[in-house]
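Q: Hi! Could you walk me through this structure in plain words?

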Amino acid sequence: MKMKKLVLCGLAAGLVGCGGSSGSSSDNSGGDSNISTVSGKVIDGYIIGAMVYLDLNFNNELDANEPNVVTKEQGDFSLDIPSTYRECAQYVPIVVDVPEGAIDTDFPDTPIEDAYTMVIPPQYALSTDEQLYNLTPLTSVVWNEVEKELRESTSQELSCESLLEEQELRDDIAERLTEQELHVARRYNITVDELYGDYIESGNDEVHQIAQDIVPGLQKSYADTRELINQYPEADFAWVEYFMGKWDSSNNNYKDVWYRYQFVQMSNGNLESETHEMSGDLNNKVQLHDKNTMETTVRDGVNIEKTVSMEIAGNAYGCSVSEWLETISEDSSGVRNTVYGQAGDWSDCSSLILSNTFTVQALVTKDYDGSDLISYSEHSYDDGNDSGFSHLIGVTDTITASDLTSVRNVIDTDFYSEEGHGADFWSRVMNEFGENPTQVMTSHNSDGGWERLTNYKDGTHKTECGTSETDLSEANCSS
């Protein structure tokens, strides 16, 4: 089945379209200077004879007052929008009705037998910076959920006029859409513009396949996120992400099934997340894949962070319960004491009812520049290997900052140092922050491995690996 696309340019009122233009007061050709134009193509092959119109009242029907035009050769159209509706063009959808008898140029001798409809969302519901907009399954399913929310959240009938009165609602929707798109970009390492681009025509088969795979999850992600925000209205962050994972035991990735990830952060340092494997129709949770909680308190100059993490491991769950005690300063130091073991379920894990347990203590240093963590070191000591700070295990209720400052006296915090201080494993991290890339994180460890992770503003990232800082490359990460 081919993917239907509607390509639009100049979607915002007053913008110049693809080969079209908006009128101006200096236009001496006799044209209407108050008319702006939205131009583009309807593609499923090129569609000739489709009706394109501005749906001012959201009824998916062409009404007498709604600007409209029929597509011509190569699917081209130029939709003239009078000044009366210029502002509306940013807030209402453009509908394309493909009737029986229309021509798909891929099959010019076989007129279309089954009519269908496509929709391009209003400009505020698209975050792509491209002037060329493509209707793909991504834009379609997202718009379905946006329109559903609009109908549920407004007391009036949907129209250009009613939406103009809903600035806060439009802003909320735009923010959630932007966040959802970034989640997708980070998960699949593709840009939002690629997702909304004409990836079929460009021959980008990888993005094309991802787009097809994630269509059902996008709609559920948006709907469930809205429900979660309503459930936790005071949360700093709350979202749901459905994603199609691919499990590879050697690389510790997901199976080729659907998963549902949920994240809620009530305040800084206090959060909960969980991932469930889902049924194929996304309606039922098959099993818990992982769950994580963090609780943070501050007392006597000490940041006290407790984390509980559990992840499926065969027929049981691997569980870790950690207490992280660190001083509150720009050059902080502390210890992280972690108990590892196997648990039957989340209740056992969070209650420390575990089998095959062992304890690891890590000595940690951090250096901040304001709120930015610019360097980090961690030296881990397994059971039987005394770090010299074993007396700081199990003292959460009595710990003071002075108990922890001496950690920094025994650890070489220089990023390039390879001093292990007797640890079973160590790692050092250096962070650099900017506009784009937003973060470059370089690390090396006692195994001799080096890695550099570069995060970009559009949500994508690049990972480079090597045996030294000078030979870091993406190619080394696949070997």
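**Pocket and salt bridges**

A: A pocket here is an open set of points on a 1 Å grid over the protein atoms alone, where a 1.4 Å probe fits, with protein on both sides within 12 Å along at least five of seven lines; lining residues have an atom within 4 Å of a point. This is a predicted model, where local features need pLDDT of at least 70 and side-chain atom pairs count only at pLDDT 80 or more, while totals for chains, interfaces and linings use all residues. Residues are numbered from 1 along each chain as its sequence is written, and side-chain values use heavy atoms, with hydrogens and water left out.

Q: How much space lies in the second largest pocket?

A: About 380 Å³. That volume is the space filled by probe spheres set on the grid points, which are joined across faces, edges and corners.

Q: Which strand gives the largest share of its lining?

A: Strand 14, with three residues. Strands 14 (285-299), 15 (302-313), 16 (316-327) and 18 (355-369) each supply at least two. Strands are DSSP runs of E with at least two residues, helices are runs of H or I with at least four, and both are numbered from the N terminus.

Q: New topic: how many salt bridges does a search of the whole structure find?

A: Eight. A salt bridge means a side-chain nitrogen of Lys or Arg within 4 Å of a carboxyl oxygen of Asp or Glu.

Q: Why would side chains pair like that?

A: Side chains of opposite charge can pair when their charged atoms come close.

Q: Nice, what about Arg336 and Glu378?

A: Their closest N and O atoms are 2.3 Å apart. Arg336 is in strand 17 (residues 331-343) and Glu378 in strand 19 (residues 372-381), so this pair ties together parts 42 residues apart in sequence.

Q: Are those two buried or exposed?

A: Both Arg336 and Glu378 are buried. Buried means under 20% relative accessible area, exposed over 50%, and partly exposed in between (1.4 Å probe, protein chains only).

Q: Last one: which residues are linked in a network of salt bridges?

A: Glu272, Glu274 and Lys291.
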